[in-house]
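Welcome! Please take a moment to look through the sequence and the 3D view below, and then try the exercises.

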Amino acid sequence: MLAAQPTKRPATAAKPALAKFDPRPRPRNLSDEQLLDQIQRQTFKYFWDFGHPVSGMARERSNRSYDYGDEVVTTGGTGFGIMAIIVAAERKWITREQAAARISKIVNFLWKADMYHGAFPHWLNGETGHTIRFSPKDDGADIVETSFLYEGLLCARQYFTKDTPDEQNVRNKILWMWEGVEWNWFTQGGQNVLYWHWSPNNGWSMNHQIHGWNECLITYVLAASSPRYAIDKAVYDQGWATGPEYKNGKTYYNTTLPLGPNLGGPLFFTHYSFMGLDPHGLKDQNADYWQQNQAHTRINYAYCVANPKLQKGYGPNCWGLTASDSWQGYAAHSPTEDLGVISPTAALAAYPYAPGESLLAMKHFYNDLGDKIWGEYGFVDGFSEQHDWYAKSYLAIDQGPIVVMIENQRSGLLWKLFMGSPEVQKGLKKLGFQSPHLK
């Protein structure tokens, strides 16, 4: 896999649904605040009502996929789900005690689950805790998915500060597991770059170096933040910040893009790492990350409005290209891979970067298209008016950013929690970052 490609998801067509699409009645004439509440709360149900009954972990998707059965849970998507559960507790959709109990169940499961040098695989069996291989040789550690998981776990450690049994258990087990992730092992013997995978059966044979620009900034930040197994700054400078699609500097639709591939790539580059990392005032020698993410979002929006391929439905209130299911299977939608599919998570999770444009899309998706795309867990994963195709599926990694990024724009909740972590502050300083959060 080339650097700057998105989080890997098989492109095989999915099997019959487990969780049925449910176009339930939608309250109308909502105020903006009521609409935000409605979307966040309904989307949160993916992680709460549909969480795995044994482990509490987030299921990979709502429909049975790729012959792996019903027990597949996702480590990265669970990190996003943990953040969504914190939002739900703070907004009192559930009690704090309920939230702590669920996350306690998750950390108890992870404590006994398969891990490799402290890192987790992409997929686990939610009943047994054993690895479900993601691809023939991807049957061990996945440090990118592990970093998405710890993005959520560190937020939980910051949030659950009371001296109740569940909150103490959450804090303690997260600390012990976090201290045990051997991030520097993934330099494959001390090279100045991180490697995505390691397998007990196949070693380093996947040999996938993690270069930028893509969704993996959080991986390098957490690797530098580790209490016991931290990487050196040279690994960041010579590994992450040297990819063939790292520096950009070109102008698209009157917007200059500091980093990333042509026209920016899929929008989840602006979401996954920045659910915890607050991009406001976040800078290093390479970029101002608020400017980066705003520019990427504006270009994605402007492309959909310009609509050079004349895709049906695209416009100022219907935009957003990112990785999701499509009429052809899973695809990394972007201006350079435009299959006519709009992914609701793209525009909704862009709420911090383009609040006006994002809200327009929310209203259109909810009020005008809701009969086709609103269901049991909020908006479905993707749709194409061009191909008269509307997904029946929901994916953890797409539902999570909707809840979390809307909340970050509304209250800054997850940004404050994650950026308040002493280890994260230390790691950011080590890598040369500036941020208003750094003390």
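This is a predicted model: local features need pLDDT of at least 70, side-chain atom pairs count only at pLDDT 80 or more; totals for chains, interfaces and linings use all residues.

Residues are numbered from 1 along each chain as its sequence is written, and side-chain values use heavy atoms, with hydrogens and water left out.

**Exercise 1. A cavity and its lining**

Find which residues line the second largest cavity, and which helix gives the most to this lining.

Step 1: Start with the term. On a 1 Å grid over the protein atoms alone, a cavity is a set of points where a 1.4 Å probe fits but cannot get out, and lining residues have an atom within 4 Å of a point.

Step 2: List the lining. It is made up of F47, G56, M57, A58, T78, G81, I82, I85 and I106.

Step 3: Sort these residues. Six are nonpolar, three are polar and none is charged; here Ala, Val, Leu, Ile, Met, Phe, Trp, Tyr, Cys and Pro count as nonpolar, Asp, Glu, Lys and Arg as charged, and the others, Gly among them, as polar.

Step 4: Look for the helix. Helix α2 (residues 75-90) gives the most, with four residues. Helices (H or I, at least four residues) and strands (E, at least two) are DSSP runs, numbered from the N terminus.

**Exercise 2. The nonpolar core**

Work out which residues of the largest nonpolar core touch the most other members.

Step 1: A nonpolar core is a set of buried Ala, Val, Leu, Ile, Met, Phe, Trp, Tyr and Cys residues joined through side-chain atoms within 4.5 Å. Buried means under 20% relative accessible area, exposed over 50%, and partly exposed in between (1.4 Å probe, protein chains only).

Step 2: Read off the members. Of the 142 residues in the largest core, I86, L217, W240, L277, Y289 and F365 touch the most others. Helix α4 (residues 143-159) supplies the largest share of this core, ten residues.

Step 3: Look beyond it. Another core, of five residues, lies apart, and Y252, L257, A295 and I299 are among its members.

Step 4: Recall the wider pattern. In soluble globular proteins, nonpolar side chains tend to be buried together.

**Exercise 3. Aromatic pairs**

Decide how W178 pairs with W183, and how W213 pairs with F274.

Step 1: Rings of Phe, Tyr and Trp (its six-membered ring) pair if their centres lie within 6.5 Å; planes under 30 degrees apart count as stacked, over 60 as edge-to-face and the rest as tilted. The count comes to 37 aromatic pairs.

Step 2: Take W178 and W183. Their pair is edge-to-face, at 6.5 Å centre to centre with 70 degrees between the planes. W178 is buried, with a relative accessible area of 0%, and W183 is buried at 0% too.

Step 3: Take W213 and F274. This pair is tilted, at 6.4 Å centre to centre with 40 degrees between the planes. W213 lies in the loop between β5 (197-198) and α6 (217-225) and F274 in the loop between β7 (255-256) and α8 (289-306), so the pair ties together parts that are 61 residues apart in sequence. Both W213 and F274 are buried.

Step 4: Widen the view. Ring pairs link W213, Y220, Y236, W240, Y246, F274, Y289 and F433 into a cluster.

**Exercise 4. Backbone details**

Step 1: Recall the background. Most residues other than glycine have a negative phi, and most peptide bonds are trans.

Step 2: N307 is in the loop between α8 and β8 (323-326), and L310 is found in the loop between α8 and β8. N307 is buried because its relative accessibility is 10%, whereas L310 is exposed at 68%.

**Exercise 5. Around K416**

Is K416 buried or exposed, and which residues does it contact?

Step 1: K416 lies in helix α13 (residues 413-419). K416 counts as exposed because its relative accessibility is 55%.

Step 2: Leaving aside neighbours within four places in sequence, K416 is in contact (heavy atoms within 4.5 Å) with S411 and H437.

Key:
On a 1 Å grid over the protein atoms alone, a cavity is a set of points where a 1.4 Å probe fits but cannot get out, and a pocket is an open set with protein on both sides within 12 Å along at least five of seven lines; lining residues have an atom within 4 Å of a point.
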